[in-house]
Amino acid sequence: MSLLIRIKRHSWMMATFLTALILLPQDAPSQEEVASAIRRYKDREVSSGYYEEYEIKPRRQLPLVGVPGVSRGIFPYSPSADKIGTRSRLADSHAGIKFYERRRCDECHGEETKDIHTTRANLTCRQCHGIEPIAGINFYYSPLNPIRRHAYVCSKCHEGASASFAGYVVHEPAPGSPTTKETFPTLYYAYWLMLVLLVFTMAFFIPHTIMVGIRELLSRKRKAEHDDTDAT
Amino acid sequence: MFHLCLMLTFLTQAATGFSRLFITTPWGKKSSNVFGGYETAYAIHQWVGIIMIVGFVLHLFYLATKIRWQNLSESVFGPDSLVPTWQDAKHLRQRLGWLLGLEPPPQLDRWTYWEKFDYWAVFWGLPLLAVTGLMLMYPVAASRFMPGWFLNIAALLHTAEAILAVLYIFIVHFFIGHLRPTSFPMNEGMFAGSITLEEAVHERPAWVERLETKGEMEDVGPPPLWFRVLYFIFGYSALAFGLYILINGLVYSRYVRLH
């Protein structure tokens with residue numbers, strides 16, 4: 001008898017479960033994506049997309065591993081590694097940097113995190129620069145190497161991106177700085193042209209407008225006084 | 001009608017554009033939420049931009065119909081035209097003298113030099129915003145015809161020109177239109193299509209004289225009260241809206257970059 005009741009109860013549960021499966025809406029991953037800050041990028045790549053949680057850390061390298069005959073301990077794997085100035089051609093552009101795995105990108109690349117891809121599209125560094133070890137952008141196999149950047153990186157979001165499109169400078173220099181005059185002169189001159197236009201326009205029209213206001217007030221006052229005199 | 005359309009589209013573009021520009025600030029986030037979020041604000045910005053471009057093209061056609069081809073020189077450089085002439089430079093000099101109390105006010109005609117400046121600022125500003133805006137809307141297509149770094153220049157020009165326009169309109173143009181003693185509480189000419197004779201004689205005596213000489217002065221009477229109430233509400237709403245954007249833009253300006 002009790003077995004029959006149990007089966008009956010289970011069949012009700014099964015029926016409820018099946019009804020729920022049929023009637024309730026299906027799983028909607030988009031709901032989760034809308035709530036997520038990194039949703040715009042997630043559906044365009046194969047990795048988890050949770051960079052901050054899972055992929056921010058660089059590869060594991062034991063701090064006590066040393067290079068035989070060169071150095072030992074938690075300090076640079078090579079005594080000269082952290083002194084390399086140009087790292088854009090290295091397979092691991094951060095090789096030898098002290099305590100690298102405990103650092104965040106923006107500690108050293110603060111300015112680079114203020115571009116519109118980061119601030120508006122919520123992209124994280126590794127979404128374009130790739131997983132650890134992060135290759136220098138001119139390293140032959142880097143996804144950001146100009147020969148393949150458009151296909152490997154830009155086109156993830158900008159479908160049909162060409163090599164010309166990849167010429168867009170994501171990490172723009174400060175447009176008004178003297179170094180930009182050397183590295184990106186058109187941007188530099190465009191910035192100063194617009195700034196001069198803005199300053200001259202406002203520098204002329206704001207005082208002009210204020211003076212018009214004062215002058216018209218005075219004229220009106222004089223006219224009122226004149227009218228009063230005429231009336232008396 | 002063109003001014004009304006321009007007003008509505010400009011205010012929408014200022015609100016949606018600034019909500020994008022200031023998206024990293026609490027005010028920017030709040031503003032974009034009014035439009036349904038960052039993406040929707042961007043979509044509205046794009047569509048209203050297209051409407052502005054269409055309006056500009058229609059305006060060009062309108063201008064073409066207004067030109068009297070038989071009398072081209074008078075039509076383009078005459079007193080009813082908005083094309084700047086040497087007379088405007090002379091008026092500017094005289095008015096600066098008047099502002100400093102050195103000479104009598106200039107005998108202005110139908111269009112004053114500051115109104116011509118407003119008109120031409122829009123006339124070159126709108127195509128600049130349109131071209132750079134289209135480049136930013138379709139960056140992949142644009143980069144087929146030009147190097148990708150042109151998009152950096154386009155973004156800078158678009159933002160800088162928009163900031164210039166917002167500052168000029170919300171500070172100078174609004175003051176001239178609403179708050180200076182001659183216009184206060186509002187320059188009704190924009191909506192009513194006419195101004196009082198007293199105002200015309202006071203500020204544009206050369207125009208009044210010309211119309212009287214030609215016998216073209218019309219007595220149109222004041223607009224109906226309901227219409228005046230309507231455009232006063234509309235005008236002051238636009239003014240309040242503009243000041244709100246201006247003040248918040250200035251407060252949060254240190255958090256944004258032009259590039």
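The following legends describe views of a predicted model.

**View 1. Overall fold of chain B.** The secondary structure of chain B consists of twelve helices and zero strands. Along the principal axes, the C-alpha atoms of chain B fill a box of roughly 60 × 40 × 40 Å. Of its 259 residues, 24% count as buried. Among the contacts in chain B between residues at least 6 apart in sequence, 62% join residues at least 24 apart.

**View 2. Packing of helices α6 and α8 in chain B.** Helix α6 of chain B spans residues 113-137, and helix α8 of chain B spans residues 150-179. The two helices pack at an angle of about 150 degrees, and their axes are 9 Å apart. Angles over 145 degrees count as roughly antiparallel, and α6(B) and α8(B) are therefore roughly antiparallel to each other. The crossing of α6(B) past α8(B) is left-handed.

**View 3. Residues between α6(B) and α8(B).** On the side of α6(B), the contact includes W114(B), D118(B), A121(B), G125(B) and L128(B). On the side of α8(B), the residues in contact include F150(B), L151(B), E161(B), Y168(B) and I176(B). By class, the contact of α6(B) with α8(B) has 15 nonpolar, five polar and two charged residues.

**View 4. The contact between chains A and B.** This contact takes 34 residues from chain A and 31 residues from chain B. On the side of chain A that touches chain B, helix α10 (residues 185-231) of chain A gives the most, with 19 residues. By class, that side of chain A has 18 nonpolar, ten polar and six charged residues.

Methods: Residues are numbered from 1 along each chain as its sequence is written. Chains are lettered from A and ligands numbered from 1 in the order in which they are written. This is a predicted model: local features need pLDDT of at least 70, side-chain atom pairs count only at pLDDT 80 or more; totals for chains, interfaces and linings use all residues. Axes are lines fitted to C-alpha atoms, for helices over the stretch in contact, and angles run from 0 to 180 degrees between N-to-C directions. Helices (H or I, at least four residues) and strands (E, at least two) are DSSP runs, numbered from the N terminus. Angles under 35 degrees count as roughly parallel, over 145 as roughly antiparallel, 65 to 115 as roughly perpendicular and the rest as oblique. A crossing is left-handed if the near helix is turned anticlockwise from the far one by less than a right angle, and right-handed if clockwise. Two residues are in contact if their C-beta atoms, placed from the backbone, lie within 7 Å. Ala, Val, Leu, Ile, Met, Phe, Trp, Tyr, Cys and Pro count as nonpolar, Asp, Glu, Lys and Arg as charged, and the others, Gly among them, as polar. A residue is buried if 20 or more other C-beta atoms lie within 10 Å of its own, exposed if 12 or fewer, and partly exposed in between; C-beta atoms are placed from the backbone.
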